[in-house]
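Thank you all for coming; I would like to walk you through one structure this morning. Please have the sequence and the model open while I talk.

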Amino acid sequence: MTENELEHGHDRTDRADGAADVSTGTSIETGDGTVAIPELVIISGMSGAGRSTAAKCLEDLGWFVVDNLPPALIPTMVELGARSQGNVARIAVVVDVRGRRFFDNLRESLADLEAKGVTRRIVFLESSDDALVRRFESVRRPHPLQGDGRIVDGIAAERDLLRELRGDADLVIDTSSLNVHELRAKMDAQFAGDEEPELRATVMSFGYKYGLPVDADLVVDCRFLPNPHWVPELRPFTGLNEEVSAYVFDQPGAKEFLNQYTELLQLIAAGYRREGKRYVTIAVGCTGGKHRSVAMSEKLAARLATEGIETVLVHRDMGRE
């Protein structure tokens, strides 16, 4: 695994010695009175060990994530979250050696939070020297602390700097032998609660004559169905109109296609969840992106929503003619 793959994971999950789960407090005194405080997680650890992957996982679970926030600003961030009237209920802050001189302020900030009754969890990403060296060499990047020395010198310096924080961690994840999906699964297990992390789908209709959507994960072609464009009374309308939709789904194979493709997407969605993929774009095309693809996208999005998949519907090319 490369550093980019981990920072955008190889892992065994262990609880730090003597550490126990902690829960957040319920309120904090601010200038606006007593308000509910957000849940706080601090993500730190070795460079190349998977901090960005861990942060992205929390972001996908609905956390408000701040990368490389100076530690001195963490109490301010928590107070702002408390004043958000519940809009920012969970905050994750990534703190690492990129903060340089700011990193020394972390312990002071943690003491400040404790004095205010704010509890927090610290997640520490760990990895072996060999694994970290391989990752840095694979992307040909220097370690942020190696200076004029070798990668191993930077790793040693970082371990020394982070030793005390690692000892205070509530959760230590060793990423030496895990891939990205395994790291995400461990984060999901710790922070997703009883609910399975959601899969969010974008269903996008488009016209082939305007080009394929560059961000599509899956593409299906509705041009096997007769084109309403050649029906004079339907030509001015779009797939949003009931007359066009009825025409499309009265054609042989249309309903069967919708039913069977929905079943296929259920199978794909289950696999995406297992692999830690949280977003998918499904592109549904016809010639102009006005009739068939729009009607099919509308029905497909409605089916996915009934399956518990959060769905956004986009008609990319409708109205371009």
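Arg51 lies in helix H2, which covers residues 51-60; helices here are DSSP runs of H or I with at least four residues, and they are numbered from the N terminus. Arg51 is buried, with a relative accessible area of 5%, where buried means under 20% relative accessible area, exposed means over 50% and partly exposed is in between, with a 1.4 Å probe and protein chains only. The side chain of Arg51 reaches the backbone oxygen of Gly45 at 2.7 Å.

Before I go on, please keep in mind that this is a predicted model, in which local features need pLDDT of at least 70 and side-chain atom pairs count only at pLDDT 80 or more, while totals for chains, interfaces and linings use all residues. Residues are numbered from 1 along each chain as its sequence is written, and side-chain values use heavy atoms, with hydrogens and water left out.

Let me turn to His143, which sits in the loop between H5 and H6. Is His143 buried or exposed? With a relative accessibility of 2%, His143 counts as buried. If we set aside the neighbours within four places in sequence, His143 is in contact with Ser47, Phe136, Ile151, Gly154, Ile155 and Glu158, contact meaning heavy atoms within 4.5 Å. A polar atom of the His143 side chain also lies 3.0 Å from the backbone nitrogen of Leu145.

On the H5 side, Asp129, Leu132, Val133, Phe136 and Glu137 meet Ile151, Val152, Ile155 and Arg159 of H6.

Finally, which helix does H9 pack against at an angle of about 40 degrees? The partner of H9 (residues 254-274) is H10 (residues 292-306), and their axes are 10 Å apart. H9 and H10 are therefore oblique to each other. The residues making this contact include Phe257, Leu258 and Tyr261 of H9, together with Met296, Leu300 and Arg303 of H10.

Conventions
Axes fitted to C-alpha atoms, helices over the stretch in contact; angles between N-to-C directions. Helix = DSSP H or I, 4+ residues; strand = E, 2+ residues; numbered from the N terminus. Parallel < 35°, antiparallel > 145°, perpendicular 65-115°, else oblique. Polar contact = N/O pair within 3.5 Å; in protein donor to acceptor, adjacent residues only side chain to side chain.
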